[in-house]
Amino acid sequence: MADIRMRVNGSIEKLDVEPRVSLLDALREHLGLTGTKKGCDQGACGACTVLADGERIVSCLALAVQYADRDITTIEGVTSPLQRSFVRHDGFQCGYCTSGQICSAVGMLTEHAAGAPSAVTGDLATMEIELTAEEIRERMSGNLCRCGAYNGIVAAIEEGIR
Amino acid sequence: MDFLRPTTWADALAAKAERPEATPIQGGTDVMVEINLDKGRPAALLDLNPVAELRDWSSEDGWLRIGAGVSYTRLIDELGDRLPGLAQASRTVGSPQIRNRGTVAGNLGAASPAGDSHPPLLASDALVEAESVRGSRLIPIGEFYLGVKRNALEPDELIRAVRVPYADGPQYFSKIGTRNAMVIAVCSFAVALHPSRRGVGTGIGSAAPTPRRAPEAEEFLAGELDWDGRTAVPDETARRFGELVARAASPIDDVRGTRDYRVHALAVMARRTLGWAWTEYRGI
Amino acid sequence: MSIATGQVQGVGQSLLRPDGTLKVTGEFAYSSDLWLDGMLWGATLRSPHPSAWIRSIDVGPALAMPGVFAVLTHQDVPGVKFYGLEHKDQPVLAIDQVRYQGEPVALVAADHPETARRAADAIVVGYELREAVTDPRQAAFDPACPQVNPHGNVVRHQPVRVGDRFTADVVVTAEYEVGMQDQAFLGPESGLAVPAEDGGVDLYVATQWLHVDQDQVAPCLGLPKEKVRLTLAGVGGAFGAREDLSMQIHASMLALRTGKPIKIVYGREESFFGHVHRHPAWMRYEHGATADGMLVYVRAEIVLDGGAYTSSSPAVVGNAASLGVGPYEVDNVWIDAYGTYTNNPPCGAMRGFGAVQACFAYESQMDRLAEACGLSPVEIRIRNAVSQGSRLATGQVVDTPAPLAGMLRELAAMPLPGPGSTDLRALPGGVAQTTHGEGVRRGIGYGVGIKNICFSEGFDDYSTARVRVELLGGEPHVLVHTAAAEVGQGLIMVKSQIARTELGIDRVTIVPADTTVGSAGSSSASRQSYVTGGAVKAACEAVRERLDKLRAGGASLAEVLAAGPVEETREYRHRPTFPMDPVTGQGDSHTQLALCVHRAVVDVDVELGLVKVVELAAVQDVGRIMNPLALEGQIHGGTAQGLGLALMEEIQVRDGKVLNPSFTDYLIPTILDMPPMRLSILENPDPHAPYGLRGAGEPPTLSSTPAIAAAVRNATGLALARVPIRPDDIALAGSALAG
């Protein structure tokens, strides 16, 4: 077992976890933060997206012990106008992917503000990339929604950035 | 399972020498899948995240030395202008979240034939900088892949960096997936033109037990291209190049695609990427 | 945070989801989030073989592991050892044999999920393999084929026989296939079973129908129904996959045995084995028409592979048969629809339910016929379209508005998207850069679907609602209690809207769904707004009537309620339906029919076989819009799942074994695969339904698949008789397309 500390949603948490425990399981089962969802446990759905020092990652593919002394934000710690716009635009139905969608969108907006390129055509180093609907889709492509609320998600993010 | 957490490169090498069975882990995007799905339970994990040296890249004599801890996202962002082929491949890896954590070195360590960074590394004659307490060596990329998920690292070696020459000509990467994002390659292809030495580099992914080049195709094309006159590539030459690339592969039928499709798609991708590269070279 | 709702939000308005705030803050408790101190974790040992005798089971090594509290096999099932929706033919745990890969064999309870999994792996099962029956047509029609089910390999054969003219000037014939689609909800099967002091069990589960679960669970536990109490936990998507039981009996058995709460959560791979799938189908269709495209006859043979157990296969077969010609007028019909037993994965309910498979075939046929007659795809559909008064193949008369021809005209008149761009994001293959425009051709296709709403064929389909008005903090307040499962479709909004509309009271609380109120029926068949909506409306009306009487003397609502709450419970039934005649298929088998039409615009890389859907447009008649925002969501979602079936989704099964039980290899559409949509929603009321509404969740799942397939055909010139359309089907179809 390893004793680690982690700042989760602003509070310092002490964790005693086996090294093999994923950050996702640590959050859900050790800290009781069940807002972060397990959809596939192999990085293929995005439901477990959280922010590590502000950067979006899939928490199922991260070991908890690797994130000792880091700053983790889960959906429980997010306060963003995006949350309201997801409700207003029905950017979900069952809601199982929503925690991951919102964390991903928050991280995506940070990346965009920092000038990170997406995968747009042509010049990869292009700086000013407008967050059009197409660009939002490109940057949100790591989060599956089986209810098919994608157009609501795009609308919610478009409103959230206005 | 032990968890080893060296904070310096020297300590990391010492740990690997002492525990050669330890699995190195960087972003975790490959190793964790195996752990979560209970496919392999390593006796020990060697976390390289705290090793600050690995997070840097540097540039020397026309080569980029990319530390083993540089994420795909940073590679695209910071090196995309100098390594367009590798950047194009990087932007197709998994999802944005995975690109924030995954690394080229991790891709090399896993040595999956479907890894996205392999074809451009092959096409640009990259070198893998492997190091152990015994010393450091540079492994030519073409000698690095030994089999499905097997590479040329010795048990006590770690990947320190990947060395890739600056693009000296146009580079293109192309990857087939059956949906428009977040897919493991059905097959992939990279081409790099090296006008300075009038050479052509290629890399094939997901169409053989290991990533591999298409040497016959490279040689053929290098001889056919009108490097000085920059005249258009005849259709027949492009077609032949595609055929030779496809012939270099030895794909199988699996859950992601059929052998026949992969052969066909490689020929098409080779022809198309050549077209884009040559157009760029001609400056039109 | 909270979302202000403003004025009374009744029927027809975009009331926002009352559970929305919880869902965007991570506080909504899904079944996998439940937790009780001292609970144990359950794990299931499943068969790796599609067909085998079980000669021995040694649970000793598992029991010996520290942390293991119980290991159970079929011998430990306390009551009836079989369950099932229509026939009780599925063993709770395998008895002496396994009939599909993934069949549950034994259960473990342990103090940690990983311990439970390892203990399950430590159970030694002696299997004696036997040949798996995996070809549904052989299973059904070859007398020499081994019998998977003791009653034979045909679950149901439903003929439809009308007329006797089976010759025509223009005849098109083809065979079609539909692959096995998975519901692939994101929240895997999970729940919590808590042993109760009275010897019963309290189950908190994600399901589509609490009472049918209760009906199946209690006998297997040897308990009276009242001792098996179910409460709906948060549901992470359903789409049909939660109509059958998964972990309910298993967790309850472990809870009763150990005396401790048991949590079971399936992983993604286990989930692919833990629920039924959409029936794969093989279909042979022959359409005969006059030279000007008027249908003369349709002959069809439809084989739906139900896999190892019955599940809801009989009803799926009924739908495929009764809706097998689509919403077209045709006087001569000869259909044989079969459901089969094989050793393939069991198949049952998925959004569209038997109508999806047939729709792909009959719509593909309509396109072939259009080409043979020199008509446009839209024109041939208009010429044959049903309308109010039309007689369906079953003899049932369409007695409510069915303006299909008008819907098609409206769809065809919608503006088309602009030409393709060379932006990688807009091209097939996306940023994986398979083309800069080379080989890309645009295609346009149309699809029409007709779906029965509510349960059919004589099923006693009803819902129950309890509505109570009381004073809370001096203000009148409505409590609405039903057992209907909110699975993401937005039913709690609709119930709330109905209560507000009927009672004129803004404060409405939806009580959590459980079995302390009567059955609501299933959240399937697009039926809940209709049936549970009808029950809530009826209960509200009854409450209102009582309140009106109490207030007859001029008392205020508050004064009346000060004397105590007013509560009424009502059951609601839709018009009865009738069985299909077993020989002719005739009968008024459906209570309501709903239409949706799609136009798909695609860009296809004809050399590589990759597809980008550029736009999907749809016209749907919903009778009455209950909630515009949620309704659009249903149409988008249904359309997206149809897109998945058209282009990528298939459980690949070889020799009875699933090859791709993961989200890396079972691909569902991403946000880059689902295009923007253009919608027109019509409101031609059905006078028999509450508010005139029509169920809306399923019809778009039917018509989007053939529309996309038709668009890909239009772009490639290929026949493409199978969905999902694989890149191979396009790229390797012939070198004529290269260029």
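1. The centres of domain 1 of chain B and domain 2 of chain B, taken over C-alpha atoms, are separated by 20 Å. The model is a predicted one. In the domain assignment of chain B, domain 1 covers 55-165, and domain 2 covers 171-282.

2. The two domains touch each other. Domain 1 of chain B puts 24 residues into this contact, and domain 2 of chain B puts in 23 residues.

3. Which elements give two or more residues to the side of domain 1 of chain B that touches domain 2 of chain B? They are α4, α7 (118-123) and β8 (145-147) of chain B. The largest share of that side comes from α7(B), with six residues.

4. Sorted by class, the side of domain 1 of chain B that touches domain 2 of chain B has 12 nonpolar residues, 10 polar residues and two charged residues.

5. Chain B also touches chain A. Each chain is represented in that contact: 30 residues come from chain B and 30 residues from chain A. On the side of chain B that touches chain A, the elements giving two or more residues are the strands β1 (2-4) and β3 (44-47) and the helices α2 (31-36), α3 (72-79), α4 (84-90) and α5 (96-101) of chain B. Of these, α5(B) gives the most, with five residues.

6. By class, the side of chain B that touches chain A has 14 nonpolar, 10 polar and six charged residues.

Note on methods: Residues numbered from 1 in each chain as written. Chains lettered and ligands numbered in written order. Predicted model: local features only at pLDDT ≥ 70, side-chain atom pairs only at ≥ 80, totals over all residues. Contact = placed C-beta atoms within 7 Å. Helix = DSSP H or I, 4+ residues; strand = E, 2+ residues; numbered from the N terminus. Nonpolar A, V, L, I, M, F, W, Y, C, P; charged D, E, K, R; others polar. Domains from an automatic or database assignment.
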